[in-house]
Amino acid sequence: MRAVVFEEYGDPGVLQVQDVAEPHAGPGQVRIKVHAAGVNPYDTKIRRGFTKDFAPAKFPAIPGFEVAGVVDEAGDGAEFAVGDEVVGWSAGGSYAEYALGGNITLKPAGLSWEQAVGVPVAGETSQRVLDLLGVKPGETILIHGAAGVVGSVAVQLAVAAGLTVIGTASAANHDYLRTIGAIPVAYGDGLLGRVREAAPEGVDAVFDTAGQGGLEESIELRGGTDRIVTIADFAAAKLGIQTSSGGSGTPEEVRAALATQLQAAADGKLTIRIAETFPLTDAGKAQSLSESGHARGKIVILPQA
């Protein structure tokens, strides 16, 4: 099969499409014909070697772990059958024509592959942090990077939970934030005053998805570090702010939440904005766009293209 492979750490140029051996489903496993693979910031961190001290790549490595596709091989005792359309996390690289399924669930009918593959990571991350923050209906939450993939899903989950959402983003994304229920404010100098104007009674919690500043202002808004969580600013510990960088809940709980979020997307109640799609041969361009921080939505690789 064709797959994106890297055999050393480095810039996007180390990503190459190669013919590699196909994986096969063992007992309890399924193999997925991959129709869409999600590109995530963590993919680029692995490629650059930022995780090698605690999660080294096994060369030759296939990047990616977010997957949507059709089961085409099922091992004895597998929960899913050949022909099932599934979404979730792969057990191995997903930038490939085939991948083994990890924690997956059925894809609702009518939901595109691109939209579906944008849900697992953003949905799990958003719900995990909202739970950590202990948000309640009627409260106000400030979400930094609200127009990003995780940020926009967090906005929608928070709005659906009955919160008022203040979202930081560039001016070009303010109309989009309004369409998903957030009150937009521009980031940068003067942020504190703009947030106070938008939320004169204060903010009850802060979720930083961007990692590009705003934490000191968040501390001032909150009157301390309580109920502030970041997923992107790993210098936050110096400020006494909690960082959340791993999954929570049992696999069954995560999968149940994913199924609910996928159905919401299929029903038009959860919007997944797609920035751009790429074939396997342009995986380097896809990861470069991810690293730029300028993608307006989910970046997706289409291995069957």
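This is a predicted model: local features need pLDDT of at least 70, side-chain atom pairs count only at pLDDT 80 or more; totals for chains, interfaces and linings use all residues.
Residues are numbered from 1 along each chain as its sequence is written, and side-chain values use heavy atoms, with hydrogens and water left out.

Let's stay with Glu 97 for a moment. Glu 97 sits in the loop between strand 5 (85–90) and strand 6 (98–106); helices (H or I, at least four residues) and strands (E, at least two) are DSSP runs, numbered from the N terminus. With a relative accessible area of 18%, Glu 97 is buried (buried means under 20% relative accessible area, exposed over 50%, partly exposed in between, with a 1.4 Å probe and protein chains only). Beyond its neighbours within four places in sequence, Glu 97 is in contact (heavy atoms within 4.5 Å) with Met 1, Arg 2, Ile 32, Lys 33, Val 34, Leu 280, Pro 303 and Gln 304.

Next, have a look at helix 9. The axes of helix 1 (residues 41–48) and helix 9 (residues 283–292) come within 9 Å and cross at roughly 105 degrees. That makes helix 1 roughly perpendicular to helix 9, a label for angles of 65 to 115 degrees. Helix 1 brings Pro 41, Asp 43, Thr 44, Arg 47 and Arg 48 to this contact, and helix 9 brings Gln 287, Ser 290 and Glu 291.

Which residues of helix 9 are buried? They are Ala 283, Gly 284, Ala 286, Gln 287 and Ser 290. Because they cover an arc of only 160 degrees around the axis, they lie on the same side of helix 9; the arc is that of the directions from the helix axis to the C-beta atoms. Their cover includes strand 1 (2–5), strand 3 (30–39), helix 1, strand 13 (274–278) and strand 14 (298–301). After helix 9 comes Gly 293, with a positive phi near 75 degrees.

Helix 6 (residues 191–198) has Leu 191, Leu 192 and Val 195 as its buried residues. Seen down the axis, these fall within an arc of 100 degrees, so they line one face of helix 6. They pack against strand 7 (140–144), strand 8 (164–169), strand 9 (183–186) and helix 7.

The loop between helix 7 (215–222) and strand 11 (228–230) holds Arg 227, which has a positive phi of about 60 degrees although it is not a glycine. Thr 225 lies in the loop between helix 7 and strand 11 and is partly exposed, at 32% relative accessible area. The C-alpha atoms of Thr 225 and Ile 241 are separated by 5.8 Å, with the two residues 16 apart along the chain.

Pro 60 is joined to Phe 59 by a cis peptide bond, with omega about -10 degrees, in the loop between helix 1 and strand 4 (66–74). Pro 137, in the loop between helix 3 (120–133) and strand 7, counts as exposed at 65% relative accessibility.

Technical notes. Axes are lines fitted to C-alpha atoms, for helices over the stretch in contact, and angles run from 0 to 180 degrees between N-to-C directions. Angles under 35 degrees count as roughly parallel, over 145 as roughly antiparallel, 65 to 115 as roughly perpendicular and the rest as oblique.
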